[in-house]
Amino acid sequence: VLRGADGVVFVADSQSTMRESNLDSLENLKTNLRLNRIDPEKVALVFQYNKRDLPNAAPIAQPQGLLNPRGVPHFEAVAPNGAGVYETLKAIARLILTELKKGT
């Protein structure tokens with residue numbers, strides 16, 4: 001799935017109970033990027049924190065501090081109603097286009 005990827009959107013579950021699962025998924029992503037000869041520290045990356053509407057959603061600072069030490073763009077989302085989805089897509093597209101322009 002990642003072969004030839006120019007960018008990645010990491011969608012994290014905002015529920016407090018999903019902390020370890022999010023960390024595992026992020027480590028898996030990094031491993032798979034490396035296997036595809038993509039540097040996880042240089043790939044265009046955007047975080048989307050989904051399920052922000054749920055009562056057990058962690059304060060945004062918690063997953064941000066845990067998952068996003070690079071401080072790449074991040075967005076809060078509620079997928080069923082589309083909140084934050086378009087903004088996330090727009091941000092990753094912008095990052096990818098910027099990187100592609102640098103390479104020419």
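Predicted model: local features only at pLDDT ≥ 70, side-chain atom pairs only at ≥ 80, totals over all residues.

Mentor: Arg 37 is placed in the loop that runs between α1 and β2. Arg 37 is not a glycine, yet its phi is positive. Most residues other than glycine have a negative phi. Arg 37 is also exposed, because its relative accessible area is 81%, over the 50% cut-off. A second residue with a positive phi is Lys 51, at about 65°, and it too is not a glycine. Lys 51 belongs to the loop between β2 and α2. With a relative accessibility of 32%, Lys 51 counts as partly exposed.

Helix α1 comprises 17 residues and extends 25 Å from its first C-alpha to its last, close to the 24 Å expected at 1.5 Å a residue. Its buried residues are Asn 22, Leu 26, Leu 29 and Leu 33. These four lie on the same side of α1, because they cover an arc of only 55° around the axis. Asp 24 and Leu 35, on the other side of α1, are exposed. The buried residues of α1 pack against β1, β2 and α2.

Leaving aside residues up to four places away in sequence, Leu 67 touches Phe 10, Ala 12, Asn 22, Leu 23, Leu 26, Phe 47 and Tyr 49.

A pair of aromatic rings is described by the distance of the centres and the angle of the planes. The count of aromatic pairs comes to two. The rings of Phe 47 and Tyr 49 form a stacked pair, because their centres are 6.1 Å apart and their planes stand at 10°, under the 30 degrees required for stacking. Ring pairs join Phe 10, Phe 47 and Tyr 49 into a cluster. Phe 47 is buried, with a relative accessible area of 1%, and Tyr 49 is buried as well, at 0% relative accessibility.

Asn 50 counts as buried because its relative accessibility is 13%, under the 20% cut-off. Its contacts, not counting residues up to four places away in sequence, are Val 11, Ala 12, Asp 13, Ser 14, Ala 77, Val 78 and Ala 79.

The 18 residues of α3 (residues 85-102) should span 26 Å at 1.5 Å a residue, and the end C-alpha atoms are 26 Å apart, which agrees. Thr 88, Ala 91, Ile 92 and Ile 96 are buried in α3. Because these residues cover an arc of only 125° around the axis, they fall on the same side of α3. Tyr 86, Leu 97 and Lys 101 are exposed on the other side of α3. The cover over the buried residues of α3 includes β1 (7-13), β2 (44-50) and β3 (74-76).

The protein chain has three helices and three strands, which follow the order β-α-β-α-β-α from the N terminus on. Its radius of gyration is 14 Å, close to the 13 Å that the globule rule gives for 104 residues, so the chain is as compact as a globular protein of that length. The C-alpha trace spans about 45 × 25 × 25 Å along its principal axes. Of the 104 residues, 35% are buried. Among contacts between residues at least 6 apart in sequence, 72% join residues at least 24 apart.

How values were computed. Residues numbered from 1 in each chain as written. Heavy atoms only, no water. Helix = DSSP H or I, 4+ residues; strand = E, 2+ residues; numbered from the N terminus. Expected span 1.5 Å × (residues − 1). Buried < 20%, exposed > 50% of the residue type's maximum accessible area, 1.4 Å probe, protein only. Arc of directions from axis to C-beta. Contact = heavy atoms within 4.5 Å. Phe/Tyr/Trp six-rings, centres within 6.5 Å; stacked < 30°, edge-to-face > 60°. Rg over C-alpha atoms; globule rule 2.2 N^0.38 Å.
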